[in-house]
Amino acid sequence: FKQKTAYEIRNCDWSSDVCSSDLLSAVLLAAGAGRAAPWTLAEVLERGLPASPGLERARRDVARSEAAVDFSRSLRLPRLDLVGSASGTQVGTSIGVISNLPTIGDLSFGLNQQGYAVLQSLFAGTGVVLSANLLPIGEGWQLAAAGSARQAARQQLGESERQVRWDLESSYRDLQLRQALVPVWETALEGSTALERDVRQIHARGLAARIDVMRVAALRAGDRQGLVTAQAQRAAAQGRLAALLGLPGDDLPVAADPIRSRPDPWPLDLEATVRQALDGRPLLEALTLQQRASRQRAQAARSALLPSLSLLAGAGINTNTIDVPVLQASGQVQGSGPRNLTLPSVETPGSLRGNFYDWGALLQLRQPLYDGGRAASGAALADRDAAMLEADADVARQRIRMTVVEAWQQLQASPERIAAAREAVAAGERALRDARLRYLAQIEPLTEVLLVQRDLQVARAALLLAESDQAQGRALLRRETGQGDAEATP
C-alpha cells in the first residue's frame with residue numbers, strides 16, 4: 001500500500017500510482033501559508049529552546065545558587081571594620097574632685113570654699129577592628145549545603161532542557177496530526193456531498209426511497225461537523241506551538257515536515273532502556289543533591305550547640321583636648337578676733353592637649369548550654385525535608401519506569417499497527433468504490449455505502465494517528481533516556 005497523494009485525496013482519484021507524502025504536506029502548507037511561514041522541527045527546536053521561559057528560570061536558579069555559595073563562603077571570612085568617634089563635654093563644678101566623667105575620667109582641683117571651675121573636653125579617635133570566627137563549624141556546613149544546592153540547580157537545568165525539548169517536539173507532532181486530519185475530513189465531506197447529490201438524482205427519478213436521502217444528508221452533516229472540529233483542533237495546536245515559540249498571537253505556525261513512519265526499531269531493549277533512563281537522570285541526581293543539602297543544613301543547625309571560639313582585635317589613635325576657661329579660687333584668713341578676713345578671688349584658666357594610641361585583642365570561648373530547643377527543632381525540620389525529597393525520588397523513579405515501559409511497548413507495536421492501518425485504508429478505498437457502483441446499480445442498499453464510507457474515514461484517521469504516535473513515542477523515549485537529544489529530524 002502507498003500513501004495517497006494530495007491529488008488523489010482531493011479529487012477522489014484512487015487510480016494514480018504516484019506516491020509522495022511531500023505533496024500532501026505542500027497542500028497543507030498552501031492552506032495556511034497566507035498567515036505564517038512553514039516551520040520544520042529543526043527550526044522549532046532552534047527557536048524554541050533559547051526562548052523558553054522555563055529554561056530561563058532554570059538558568060536564573062543556577063545563578064542564584066552561585067550567589068548563595070558566594071554568600072556562604074563569605075560567612076567564614078574574618079571581618080575588618082574602620083571605626084571612629086568624636087564627642088564634646090562641658091562640666092561646671094564647685095567641688096574639688098570629679099570622677100567618671102565621659103571622655104574625661106577623674107580630675108581633682110584645689111578649690112576652696114566658694115571656688116568654681118568650668119571644664120570643656122573635645123575627644124576624637126579612629127581605628128580598625130578585626131573580628132574572626134576561629135571555629136566556623138556551622139558556617140562550614142552551610143557552605144557545603146549551598147554547594148550541593150548549586151549542583152542540584154545545574155542538574156535541574158539539564159532536566160528542564162529535556163522537558164522543554166519534549167514540549168516543543170510533542171506540540172509539533174500534535175500540529176502535524178491535526179493538520180493531516182483536516183484534508184481527511186475534507187475528503188470525507190467531498191465524498192458524502194457527491195454521494196448525496198447522486199442519491200437526490202436517483203430519488204428524483206423515483207428509484208430511491210426518501211430515507212436514503214435523509215441518511216446521506218446526516219452523513220454529510222456529520223462530516224461537516226468533523227471538519228469544523230478538526231479545523232478548531234488544528235488552530236488550537238497552532239496556538240500552543242506559537243506560545244512555546246514566543247510568536248505573536250496572529251502568527252500561527254504551520255508544520256512543514258510531513259508525518260512519516262520510521263521502519264528502524266528503537267536501538268535498546270526494554271531493560272537497557274529503563275536502566276539508561278534511571279542512570280544519570282538529571283531529575284534523580286537533582287533530588288539526591290537536594291537530599292544531601294537538607295542533611296547538611298541539619299548538621300549546621302546541630303552545630304549551634306557546639307563550642308565557638310572568636311577573636312576580636314583592634315588598634316587606634318586618639319586625640320583629646322581639655323580646656324578650663326573658668327577656674328575661680330578664693331579663701332579666708334582666720335583672724336585673732338571673731339572676724340575672718342576674706343581673700344580676693346583668683347582666676348587661673350588652663351588647657352591640656354595630647355594624643356595617645358591603644359590596641360588590644362580578645363579571645364572568646366563560648367559553650368551554649370540551652371537554646372530553647374532551636375537547634376534540635378531546626379535539625380529535625382531539615383531531616384524531614386530530606387525524607388520528603390527521598391520519597392519524591394522514589395516516586396520519580398516509579399514514574400520514569402512506568403513511562404518508559406509504556407512508551408517502549410507501544411513503540412514496539414507501532415510497525416504492525418501502521419501496517420494494519422495502511423491495509424485497512426487500502427481495503428476501505430476499494431470497498432468504497434465497489435459499494436458506490438453497486439448502489440448506483442441498485443444491487444446494494446445505501447446503508448452499505450454509508451458504513452463503508454465511515455469505515456474508510458476511521459481507517460484514514462487511525463493511520464495518521466498510528467504514525468503520529470510512533471513519532472511521539474520515540475520523542476518520549478529520547479526525553480526519558482537522554483539518547484539522541486540533539487536529534488532534530490522527524
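Against which helices do the buried residues of H7 pack? In this predicted model, in which residues are numbered from 1 along each chain as its sequence is written, local features need pLDDT of at least 70, side-chain atom pairs count only at pLDDT 80 or more, and totals for chains, interfaces and linings use all residues. Side-chain values use heavy atoms, with hydrogens and water left out. The buried residues of H7 pack against helix H8 (282-302), helix H9 (374-440) and helix H10 (446-481), contact being defined as heavy atoms within 4.5 Å. Helix H7 itself spans residues 270-278, and its buried residues are Leu-270, Ala-272, Thr-273, Val-274, Ala-277 and Leu-278; here buried means under 20% relative accessible area, exposed means over 50%, and partly exposed lies in between (1.4 Å probe, protein chains only). Just after H7, Gly-280 adopts a positive phi of about 70°.

The protein chain as a whole contains ten helices and eleven strands, assigned as DSSP runs (H or I of at least four residues for helices, E of at least two for strands) and numbered from the N terminus. Of its 490 residues, 39% are buried. Among the contacts between residues at least 6 apart in sequence, 83% join residues at least 24 apart. The chain exposes about 26900 Å², of which carbon and sulfur atoms supply 56%, with accessible areas taken from the Shrake-Rupley method with a 1.4 Å probe and, for residues, only the protein chains shown counting as cover.

The largest nonpolar core has 21 residues, and those with the most contacts inside it are Val-44, Leu-168, Tyr-172, Leu-241 and Leu-245; such a core is a set of buried Ala, Val, Leu, Ile, Met, Phe, Trp, Tyr and Cys residues joined through side-chain atoms within 4.5 Å. Two or more residues of this core are given by each of helix H3 (41-48), helix H4 (53-74), helix H5 (137-204) and helix H6 (210-245), and the largest share, six residues, comes from H5. When residues up to four places away in sequence are not counted, Leu-168 touches Val-44, Leu-45, Gly-48, Leu-49, Leu-241, Leu-244 and Leu-245. In soluble globular proteins, nonpolar side chains tend to be buried together.

Leu-363 is found in strand E11 (residues 350-366) and counts as exposed because its relative accessibility is 57%.

A search of the whole structure finds one aromatic pair. The ring centres of Phe-123 and Phe-356 are 6.3 Å apart and their planes lie at 35°, so the pair is tilted; rings of Phe, Tyr and Trp (its six-membered ring) pair if their centres lie within 6.5 Å, with planes under 30 degrees apart counted as stacked, over 60 as edge-to-face and the rest as tilted. Because Phe-123 lies in strand E5 (residues 116-133) and Phe-356 in strand E11, the pair ties together parts that are 233 residues apart in sequence. Phe-123 is buried, with a relative accessible area of 18%, whereas Phe-356, at 40% relative accessibility, counts as partly exposed.

The structure holds 25 salt bridges, each being a side-chain nitrogen of Lys or Arg within 4 Å of a carboxyl oxygen of Asp or Glu. In one of them, the side chains of Arg-454 and Asp-223 meet at 3.2 Å, N to O, and this pair links distant parts of the chain, with Arg-454 in helix H10 and Asp-223 in helix H6, 231 residues apart. Arg-454 is partly exposed, with a relative accessible area of 28%, while Asp-223 counts as buried at 0% relative accessibility. Arg-262 forms a salt bridge with Asp-264, with the closest N and O atoms 3.2 Å apart; Arg-262 is partly exposed at 24% relative accessibility, and Asp-264 is partly exposed at 32%.

A further salt bridge joins Glu-390 to Arg-295, with the closest N and O atoms 3.8 Å apart. Glu-390 lies in helix H9 and Arg-295 in helix H8, so this pair ties together parts that are 95 residues apart in sequence. Glu-390 counts as partly exposed at 38% relative accessibility, and Arg-295 is partly exposed with a relative accessible area of 39%. Salt bridges that share partners also join Glu-159, Arg-281, Arg-399, Arg-479 and Glu-480 into one network.
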